[in-house]
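Subject: Structure handover

Hello,

Here is the structure I promised to pass on. Please open it first, then read my notes below.

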Amino acid sequence: MGCATVTIKYTVFLFNTLCALLGIGTIVVNCLALNNYTDEGRLLCIFWIVLGAIVFLVSFFGCCGAIRENICLTWSYAFFLVLLITGNAILHFGYISHIDGETKARKDIDMAWQLQMNGTDAMSQIQSTLSCCGKMNSTDYTTANLTIPDSCYSNGNVGNTTAIYPDGCLYKLIAVYEAAEHWITIFSWSTLSVEAVAFVSACILAITFRNQERRSRY
């Protein structure tokens with residue numbers, strides 16, 4: 001096997017390793033982000049978890065094709081990469097690039113607050129998770145003639161006014177959504193870039209394996 005072929009072979013192996021790591025990273029990031037989203041956001045996170053698992057499996061498949069120098073496995077790997085790149089591109093440009101974390105956070109807080117005003121403790125999960133109280137602060141409850149809920153108190157010190165979380169939930173949720181949006185965008189672009197390079201390398205390697213097989217017949 002020539003030096004160029006060996007170089008391409010291990011280049012494919014390297015990019016497959018990167019794809020696998022990105023897949024694992026995508027799974028970890030979105031698993032951590034699950035509890036910070038409402039139902040719509042959780043569905044997107046679950047989708048990314050599944051996609052990350054697929055990326056990891058396809059990358060493992062590509063490693064096998066490169067190490068075993070199998071033409072069929074390598075072309076199959078390249079085909080699956082095309083599907084992944086297409087799916088990632090559609091998701092990124094059709095959905096992720098249009099996400100507005102601040103708008104989404106304001107919408108979710110307004111919806112939860114309206115439910116709270118109607119007697120449903122919809123703010124409880126947000127307040128407990130983000131250590132906050134009300135939309136802007138705890139005075140939102142007193143202004144609305146509502147009792148400050150238990151989830152507004154730190155360490156279970158219910159009734160102790162000094163233990164009420166001083167920060168409101170709106171800006172905390174905006175920060176969480178924007179941070180999640182930032183990292184998801186980074187992973188999306190990184191995955192697209194690495195998969196594109198891996199696809200080109202896989203095609204070159206498959207052609208090299210085929211030419212090598214032809215030469216061995218003579």
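A salt bridge here is a side-chain nitrogen of Lys or Arg within 4 Å of a carboxyl oxygen of Asp or Glu. This is a predicted model, so local features need pLDDT of at least 70 and side-chain atom pairs count only at pLDDT 80 or more, while totals for chains, interfaces and linings use all residues. Residues are numbered from 1 along each chain as its sequence is written, and side-chain values use heavy atoms, with hydrogens and water left out.

**Salt bridges**

The count comes to four salt bridges. One of them pairs Glu102 with Arg106, with the closest N and O atoms 3.2 Å apart. Both residues sit in helix H4 (residues 101–117), four residues apart, so about one helical turn separates them. Helices are DSSP runs of H or I with at least four residues, numbered from the N terminus.

Burial goes by relative accessible area: buried is under 20%, exposed is over 50%, and partly exposed is in between (1.4 Å probe, protein chains only). Glu102 is partly exposed at 31%. Arg106 is partly exposed too, at 32%.

Helix H4 also holds Lys104 and Asp108, four residues apart. Their side chains meet in a salt bridge at 2.8 Å, N to O. Lys104 is buried at 18%, and Asp108 is buried at 8%.

Asp167 and Lys172 form another, with the closest N and O atoms 4.0 Å apart. Asp167 is partly exposed at 39%. Lys172 is partly exposed at 28%.

Asp140 lies in helix H6 (residues 139–143). Asp140 is buried yet has no salt bridge. The nearest side chain of opposite charge (Lys and Arg count as positive, Asp and Glu as negative; His and the chain ends are not counted) is Lys135, 6.8 Å away. The side chain of Asp140 does reach the backbone nitrogen of Lys135, at 2.8 Å.

**A buried Phe**

Phe209 belongs to helix H7 (residues 170–216). Phe209 counts as buried because its relative accessibility is 3%. Phe209 and Val50 are 159 residues apart in sequence. In space, their C-alpha atoms are 32 Å apart.

Which helix would you look at next?

Best wishes

Conventions: Helices (H or I, at least four residues) and strands (E, at least two) are DSSP runs, numbered from the N terminus. A polar contact is a pair of N or O atoms within 3.5 Å; within protein, one must be able to donate a hydrogen and the other to accept it, and residues adjacent in sequence count only if both atoms are side-chain atoms.
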